[in-house]
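Q: I have a model open on my screen and I'd like to learn how to read it. Can we go through a few features together?

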Amino acid sequence: MVIEQVRPGYRIPRQLNSLEQRDMTPEGLRIENVDEAREDRFHRFKLIGWWDQERLRNARVLVVGAGALGNEIVKNLALLGVGNLFVIDLDAIEHSNLSRSVMFRARDEGRPKAEVVAEAARDIYPEMNVQWCQGNVVYDLGLGVYRWADVVLGGLDNREARLAINRAAFKLNRPWIDGAIERLDGVARVFSPGGPCYECTMSKEDWKLLEMRRSCALLTRDQMLMGKVATTPTSASIIAAIQVQEAVKLLHDLDSLCGKGYHFFGLTHDSYVAEYTRKEECYSHDKFDRVLSLGKGASQTQLRALLSHVRAELGADTVLEFNNDILTALKCRQCATAETVFRSLGKVSEREGRCPACGQAREPETTSTIYGDERYLDLTFHELGVPLFDIITARSGSDRWHIEFSGDRREVLGPLCPGPCA
Ligand SMILES: [Zn+2]
Ligand SMILES: [Zn+2]
């Protein structure tokens, strides 16, 4: 009985590796053979005329959400040989995730979803550079990560996060591909700067639901847990496949579903493509024309120091603007007290929002603009609640400077630095 029929695919690289180490090997022959062996993994893709594996190897992809859709998205990116991945998700793995997430195992329960997805991606494609972050995309992700990325893929379940991605991606002139699933159905949409965006597609009903979520500014996290949607691994796999396929097209500069949405109905397997209209009055179309790199990070830069620097250049009336509201105090009307709290608004739980003396919900005092007379100018931006590697805006009239805390690049991008990070 011959069980040990070793397939040649496993032997060839080993022989070539030994050839590679021999200095005497004729140069031309060595390069040709090594290339052939290395690229064998992606051989079937290259039979597609326009396919350029090198583009995928160099591609930088930001994946937001590592749930049912995120698992399928990252699985596909790894199989396709995408070289650089940043994945962010707030949650830890729960037992009920195991039925919809191809990369999760029972032993992973309790671990951050983003970390497990990152590990699994490298298991599939060990040459992939991967960084993960357990955090909230709305409040924790510096815009520098969007600037780093070529394309953004969303696997989310709420409008607040979609809107945050939409605004960030358009500010940095990056396309993003949204996916949504419910029951057996789903939709994949491609939004590219210059065209219609996610906010352009939002209906009155969408805004109502978003405002409901926002009205309890301190409750977003608690509310999020209530909005569970019925989803299946099959719809996740269909929609994520469309999303990643669109990303491949974008990365090849091919025509894609830009400004359109693919709607899929699982009970009948009907589908159609909807075309969206750009609304010129939409708030999401603000674009950062030029981003300046600050050598320092958000945790090394004091508000006062940066403000005086930009005022020397742009004028004494220059203000600093953040991308999110930052909490500066919690006020209790009943007790007439105010507690100083510096944090991004979305990171305060309902319990923390209540007055420790009387138990009433306190009012948040927030800021998104620094005018120069604040009592906390000696704090660093990070101490105030600005995410690492964020991009803030210095504004004087219609003059704007967008300043990236590039000193945080290494800490935030991790293994994605320095290689393709430079
Ligand atoms: Zn828009
Ligand atoms: Zn009170």
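Predicted model: local features only at pLDDT ≥ 70, side-chain atom pairs only at ≥ 80, totals over all residues.

Q: How far does helix α6 reach from its first C-alpha to its last?

A: Helix α6 (residues 113-124) has twelve residues and covers 17 Å, close to the expected 16 Å.

Q: Which residues of α6 are buried?

A: Buried means under 20% relative accessible area. In α6 that includes Val-116, Val-117, Ala-120 and Ala-121. The cover over the buried residues of α6 includes α5 (68-80), β2 (84-89) and β3 (129-134).

Q: Now the metal. Which protein atoms are the donors of the zinc ion (ligand 1)?

A: For four tetrahedral donors, the ideal angle is 109.5 degrees. Here the donors are Cys-197 (SG), Cys-200 (SG), Cys-282 (SG) and His-285 (NE2), at 2.1 to 2.3 Å from the zinc ion. Their angles run from 98 to 119 degrees, and the site is tetrahedral. Along the chain the donors have the spacing C-x2-C-x81-C-x2-H. Cys-197 sits in the loop between β6 and α9, and His-285 in the loop between β8 and β9, so this pair ties together parts 88 residues apart in sequence.

Q: Is Cys-197 buried or exposed?

A: Cys-197 is buried, because its relative accessibility is 0%. His-285 is buried as well, at 16%.

Q: Where does the largest nonpolar core lie?

A: That core has 64 residues, and Phe-86 and Phe-381 are among those with the most contacts inside it. Helix α8 (residues 159-171) gives the most, six residues. Domain 2 (53-285) and domain 3 (291-421) both contribute, so the core lies between them.

Technical notes. Residues numbered from 1 in each chain as written. Chains lettered and ligands numbered in written order. Heavy atoms only, no water. Donors = N, O, S within 2.8 Å, 3.2 Å for Na, K, Ca; no water. Tetrahedral: all angles 85-135°; square planar, octahedral: opposite > 155°, others 65-115°. Helix = DSSP H or I, 4+ residues; strand = E, 2+ residues; numbered from the N terminus. Buried < 20%, exposed > 50% of the residue type's maximum accessible area, 1.4 Å probe, protein only. Expected span 1.5 Å × (residues − 1). Contact = heavy atoms within 4.5 Å. Core = buried A, V, L, I, M, F, W, Y, C linked by side-chain atoms within 4.5 Å. Domains from an automatic or database assignment.
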